[in-house]
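I opened the model to look up two things. Surface charge came up to begin with, then strand pairing.

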Amino acid sequence: MAEPTTLTPTRTYMQNVRGETTETLPVWLMRQAGRYLPEYLEVRGKYSFLDVCHTPELACEVTLQPIRRYGFDASILFSDILVPLAPMGAKIDFNPGPEIANPLRTYDDLKQVKTFEAREKLPEVLEAVSLIRRELPEETSFIGFAGAPFTLASYWIEGGKPEPFATIKTMMYTEPKLFHEFLDQLAQMVAEYLVAQAEAGANAVQVFDTWAGVLTLKDFREHLLPSLHKIFTRLREAGIPSTYYAKGAAHLLPALGDLGASVISLDWRIDIEEARRTLGETTVFQGNLDPTVLLGDEATIRRETRHIIDVVGDRPHVFNLGHGILRMTPIDNVHIMLDEIRNGGRA
Ligand code: CP3
């Protein structure tokens, strides 16, 4: 993909993702548009979650809300990882957690899965991407996203909240061929969808593999790495910077360097220095403030934010939380964190 001509030196997110150090760390928060914001709740009072996802003007409005309020360095498309599963045949609803009425369990179920072509199946999402890129300030980078094959499969196979992963893990161990065919089909969708989002205006993409940490390192390598590697290879070939996020995945670190992602997003339980020792000095990380810190007092927020800035030192890094912002987060606490990052100086 050609370098966007609008890229300016003030896009600190893009610089760090590409391995350059900037004077202040770029910052955005996972789930930065959402229920902790009164302006989001106002929109949700009138429209359902899926209506917001499927209406470009509404998706654009809620995507921009946290940028207007906080001036984050990056914006993330308002949608959900499960949105592309519906055109593939999943019957999904949010109440508010996701529920899938037709869980995928057998070869016959897999045969019913429809192929995915983003422009044909989700034109409104790509329209939202283009609209958002036009509306965003020039200096704000725009991140597209998708779920990783295993995390998507965990919802579809379990039919909703995936814990304790009994059905999907049993399938992985006892029917590996079916499991791999399903993951490969999801990987094709993910790669195609992310490239389409970049072509519509996203500057970079993130792959959410929230549940990968429930597997052992051996099983991650054997069962997940091949489909993930295909996705990141496709993104690299297309020149699209990418980030891989997994929760509770400290034990998977030795394999994450093999993914081919530009950035590894860490949850709050992984020590950045240890991650660096495992993956090497040149790996760019994102994260990893515990979202609960933002519920604390000012001194706590400043101290914990500073700790990450100090550990990062003079290396490239994308400041973020270790998981999504909690809905009970007081909105002013985000300002305190931002002040420490932007006015506190680097180590
Ligand atoms: O980060 C962002 O601001 C972009 C939008 C975004 C949402 N979900 C919006 C959302 C993104 C990137 C996601 C990713 C997502 N969705 C993941 C991976 C990251 C993670 O959080 O672990 C997963 C596992 C999902 C599936 C999902 N969607 C769940 C489990 C839930 C219910 C839990 C909850 O928070 O209510 C959702 C709903 C959802 N996705 C909401 C939002 C803002 C809440 C919708 C509402 O009621 O308004």
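I took patches as residues with over 30% relative accessible area and no salt bridge, like charges being joined within 9 Å. A salt bridge here is a side-chain nitrogen of Lys or Arg within 4 Å of a carboxyl oxygen of Asp or Glu. Lys and Arg count as positive, and the place of an Arg charge is CZ. Areas are Shrake-Rupley values with a 1.4 Å probe.

This is a predicted model, where local features need pLDDT of at least 70, side-chain atom pairs count only at pLDDT 80 or more, and totals for chains, interfaces and linings use all residues. Residues are numbered from 1 along each chain, and side-chain values use heavy atoms, without hydrogens and water.

Entry: charge. I found a positive surface patch made of Arg31, Arg35, Arg44 and Arg327. Arg327 sits in the loop between strand 9 (317–321) and helix 16 (331–343). Strands (E, at least two residues) and helices (H or I, at least four) are DSSP runs, numbered from the N terminus. Arg327 counts as exposed because its relative accessibility is 54%; the cut-offs are over 50% for exposed, under 20% for buried, and partly exposed in between.

Entry: strand 4. I checked residues 141–147, and seven of seven are buried. One side carries Ser141, Ile143, Phe145 and Gly147. Phe142, Gly144 and Ala146 are on the other.

Entry: pairing. Strands pair if DSSP finds at least two bridges between them. Strand 1 (74–76) runs parallel to strand 4 over three bridges, and Ile76 is partnered by Ile143. Strand 4 and strand 5 (204–209) pair in parallel over five bridges. There, Phe145 has Gln206 as partner.

Terms used
Buried < 20%, exposed > 50% of the residue type's maximum accessible area, 1.4 Å probe, protein only. Patch = residues over 30% accessible without salt bridge, like charges linked within 9 Å, V, L, I, M, F, W, Y side chains within 5 Å.
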